[in-house]
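Here's a quick briefing on how this one is put together. Have a look at the model first, then read on.

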Amino acid sequence: NNVISSFLPSASNDSVFFSAVEQDIRAILKRPGFDNGNIGPILVRLAWHCAGTFDVNGCPAGGSDGATMRFFPEVVDPANNGLEVARNLLEPIKQKHGDKISYADLWTFSGVVVIHALGGPRVAWKPGRIDLFPPTSPPPNNSHCQKVPQNGRLPDASRDAAHLRGVFRRMGFSDDRAIVALAGAHCLGMCHMDHTGYDGVWTHTPNVFNNHFFVNLLDKTWHKRDWDGDWTGPVQYDDEDEQIMMLPTDMALLWDDAFRSIVEEYKDDQDLFFRDFSDAFARLLELGVARSNDGGANGGQEVLICDQC
Ligand code: CCH
């Protein structure tokens with residue numbers, strides 16, 4: 001029941017090593033008192049945000065390679081608010097394995113391990129991402145800035161279908177199916193007012209990877225939340241019982257006809273959702289990854305994220 005063993009040659013050193021890392025990740029997922037008792041969802045958000053900065057024509061290109069979210073300006077991108085929690089939760093595993101695994105591999109691998117551990121599909125994943133300036137050689141002055149993607153590349157939850165298509169096309173995803181499938185990850189976890197201003201869960205099973213995001217989107221009746229009290233939050237949608245919520249970008253999947261027909265497919269066929277999600281998430285985590293010749297984490301020199309810069 002091991003994610004990585006199906007994708008790496010079974011007797012390779014990589015396979016043995018990553019099984020051990022996988023066990024370490026699985027061992028820290030349950031955490032009473034944290035959100036809904038599991039840190040898995042925020043680890044999935046970290047994996048997505050480190051990869052989702054990719055720009056096919058960008059300078060720098062962005063993407064998960066380099067683990068650039070450790071650095072300015074990506075580290076202070078408002079879209080990444082709260083992800084220091086996820087990075088800190090993984091730090092003991094990084095410390096345990098040191099240079100044998102890069103941050104970039106650990107963050108992306110964790111996402112894949114969590115999806116499977118919480119009941120979702122296996123996702124193909126390959127190691128070999130190299131950290132921009134590993135901890136043993138910190139960046140001189142601010143020289144790293146030009147290799148770290150600018151703020152504003154991740155999708156804005158207050159926007160519409162055209163915005164989603166634009167952002168995902170920039171990453172290299174031209175197909176609607178990938179956009180809708182990836183959004184199904186909102187079956188997991190929750191919005192935190194202190195991270196983004198949004199509040200609530202998308203499903204009643206936030207620690208289980210399933211197609212309930214699509215089921216709820218279609219089956220519930222949604223209304224704009226009437227924020228009362230001291231805090232006026234951003235526009236978001238609540239169901240009639242005010243138990244679960246949707247972001248404007250989630251509702252865009254309902255309001256756009258082409259998106260909606262895919263939402264309907266995934267509501268009716270969870271296996272289809274799992275297959276499409278698995279393909280799209282694997283592609284996402286590979287965007288812009290330049291491996292060293294030997295494929296080893298930190299095995300080569302610092303990665304040149306974009307040689308045009
Ligand atoms: Fe997401 N997401 N996401 N999301 N996301 C948030 C939380 C999670 C958008 C906005 C938000 C993906 C796509 C999008 C997760 C996985 C994925 C939050 C609340 C916002 C806002 C964060 C908070 O308050 O802590 C938007 C816009 C898009 C448009 O595409 C994709 C793709 C994925 C993964 C494949 C997960 C998981 C969470 C829950 C995190 C947690 O802390 O529980």
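Two residues count as in contact if their C-beta atoms, placed from the backbone, lie within 7 Å. On that basis, 23 residues of domain 1 are in contact with 21 residues of domain 2. Keep in mind that this is a predicted model: local features need pLDDT of at least 70, side-chain atom pairs count only at pLDDT 80 or more, and totals for chains, interfaces and linings use all residues. Residue numbers start from 1 along each chain as its sequence is written.

**The two domains**

- The protein chain is assigned domain 1 (4–155 + 281–286) and domain 2 (161–274), with bounds that come from an automatic or database domain assignment.
- Between the C-alpha centres of domain 1 and domain 2 there are 23 Å.
- On the side of domain 1 that touches domain 2, the elements giving two or more residues are α2 and α11 (270–286); helices (H or I, at least four residues) and strands (E, at least two) are DSSP runs, numbered from the N terminus.
- α2 gives the most to that side of domain 1, with five residues.
- Sorted by class, the side of domain 1 that touches domain 2 has eleven nonpolar, nine polar and three charged residues. Here Ala, Val, Leu, Ile, Met, Phe, Trp, Tyr, Cys and Pro count as nonpolar, Asp, Glu, Lys and Arg as charged, and the others, Gly among them, as polar.

**Around the ligand**

- The ligand is surrounded by 25 residues, and the closest are Pro41, Leu182, Ala185, Gly189 and His195. A residue is near a molecule or strand if its C-beta atom, placed from the backbone, lies within 6 Å of it.
- The largest share of the shell, five residues, comes from α2.
- The shell's residues are 16 nonpolar, seven polar and two charged.
- Domain 1 and domain 2 both give residues to the shell around the ligand, so the ligand lies between them.

**Helix packing against α10**

- Two packed helices are described by the angle between their axes and the distance between the axes. Those axes are lines fitted to C-alpha atoms, for helices over the stretch in contact, and angles run from 0 to 180 degrees between N-to-C directions.
- α6 packs on helix α10 (residues 257–268) at an angle of about 55°, with the axes 10 Å apart.
- That makes α6 oblique to α10: angles under 35 degrees count as roughly parallel, over 145 as roughly antiparallel, 65 to 115 as roughly perpendicular and the rest as oblique.
- The crossing of α6 past α10 is right-handed. A crossing is left-handed if the near helix is turned anticlockwise from the far one by less than a right angle, and right-handed if clockwise.
- Asp176, Arg177 and Val180 of α6 make the contact with Ala258, Phe259, Ile262, Val263 and Tyr266 of α10.
- Six nonpolar, no polar and two charged residues make up the contact of α6 with α10.
- Helix α8 (residues 212–219) comes at α10 too: their axes come within 8 Å and cross at roughly 120°, which makes α8 oblique to α10.
- α8 passes α10 in a left-handed crossing.
- From α8, Phe214, Val215, Leu217 and Leu218 meet Val263, Glu264, Tyr266 and Lys267 in α10.
- The contact of α8 with α10 has six nonpolar, no polar and two charged residues.

**α3 against α4**

- The axes of α3 (83–97) and helix α4 (residues 103–117) come within 11 Å and cross at roughly 125°, so α3 and α4 are oblique to each other.
- α3 passes α4 in a right-handed crossing.
- Leu90, Ile93 and Lys94 of α3 make the contact with Tyr103, Leu106, Trp107 and Ser110 of α4.
- That contact of α3 with α4 has five nonpolar residues, one polar and one charged.

- Most residues other than glycine have a negative phi, and most peptide bonds are trans.
- Cys59 and Pro60 are joined by a cis peptide bond, with omega about 0°; Pro60 is in the loop between α2 and α3.
- Phe72 and Pro73 are joined by a cis peptide bond as well, again with omega about 0°, and Pro73 is in the loop between α2 and α3.
- Ala67 has a positive phi, near 50°, in a residue other than glycine, and Ala67 is found in the loop between α2 and α3.
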